[in-house]
Amino acid sequence: MTIFNQKGMPYKNKKMKQLILLGFMTILVGCKQATVAQQPPAPSTTPEEVNRIMSFLASDELSGRDTGSIGLEKAAQFAEAEFTKYGLKPYFSNFLDEFQAKGVKTYNVVGYLEGTDPELAKEYVIVGAHFDHIGTAKKVANDTIANGANDNAAGSTAVLAAAKYFATTHSNKRSMLFVLFGAEEQGLLGSEHLANVLKEKQLPLYTLVNFEMIGVPLIDKSYQAYITGYKKSNMAEKINEYVGSELIGFLPKAKAFGLFRRSDNYPFYKTFKVPAQTISTFDFTNYNYYHHVDDEVEQLDFEFMANFINACIPALRRMTNTPEQEIKLYK
């Protein structure tokens, strides 16, 4: 390598050339380190972590997590402990957003993570899933506990994993709420309650992503999951753009069965008039245990779940960091 002085003449002094080369190398290394430091941290949910969370939420000890039950209260306490361990703060006076569901006291569990940008932090992204189930179902081999592993300990696990990631990395410029909704099985009562409360508080909601039944992969599809209300917004398009692959697709059956209105995204869509949609991998052909006592952890694919959650994290991260609100409802 030839090094030239300010007059355009090559340096002849060997020691001077070595010093200048050393300076160049130092700058190059510094630039490389800065580039690495600017790279977003990689998601790190493992099958073992999924197993740990799922094995508690879908255990017989929780007796199917029926609304108002001791089992659901234990699940709420578990989520509280996880949020506290991650370093999240309560959005309300504590993590439990109490409400009445058909005369029974129950909860949403709500964790809050402030955004890192002074302006964008005024806007919110909600990541949610319901954590209640139906308690019991038709007896099979002396078992009546409807453990609700896929429905919806699986979605709850995705919320907890996302909460851990963002609380650890602080890679969100917008503020985030991580919510486990109660009383979904009673008619979306928990999400309806929380949507109304947050609307009264005039919370500036950008978008909501809800996870429902993601415990097993789709079969013979080009995409990994589908989104309800696919044609109501550009959310699927933006998620795929953000992750650089066809992560989310369109499932005709989701529209035919009206799934957009049947999960906890809907009250937020109705109340806030913003993109609020549910991501799922259950298409009615790849899992036989909907509201069944055999909906247990042994039926689920933890490796798939971990990989899928990790694949979703970059999309959530981009949602919280774009300078403009890129996800929009179609008119």
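I looked up the second largest pocket and recorded a volume of about 240 Å³. The model is predicted, with local features needing pLDDT of at least 70, side-chain atom pairs counting only at pLDDT 80 or more, and totals for chains, interfaces and linings using all residues. Residues are numbered from 1 along each chain as its sequence is written, and side-chain values use heavy atoms, with hydrogens and water left out.

I took a pocket as an open set of points on a 1 Å grid over the protein atoms alone, where a 1.4 Å probe fits, with protein on both sides within 12 Å along at least five of seven lines; lining residues have an atom within 4 Å of a point. Volume is the space filled by probe spheres set on the points.

Of the 14 residues lining the second largest pocket, I noted Gly229, Tyr230, Lys232, Lys255 and Phe260 as the closest to its centre.

I then turned to the largest pocket, with a volume of about 300 Å³. Its lining has 17 residues, and Glu184, Glu212, Leu259, Arg262 and Tyr290 are the closest to the centre.
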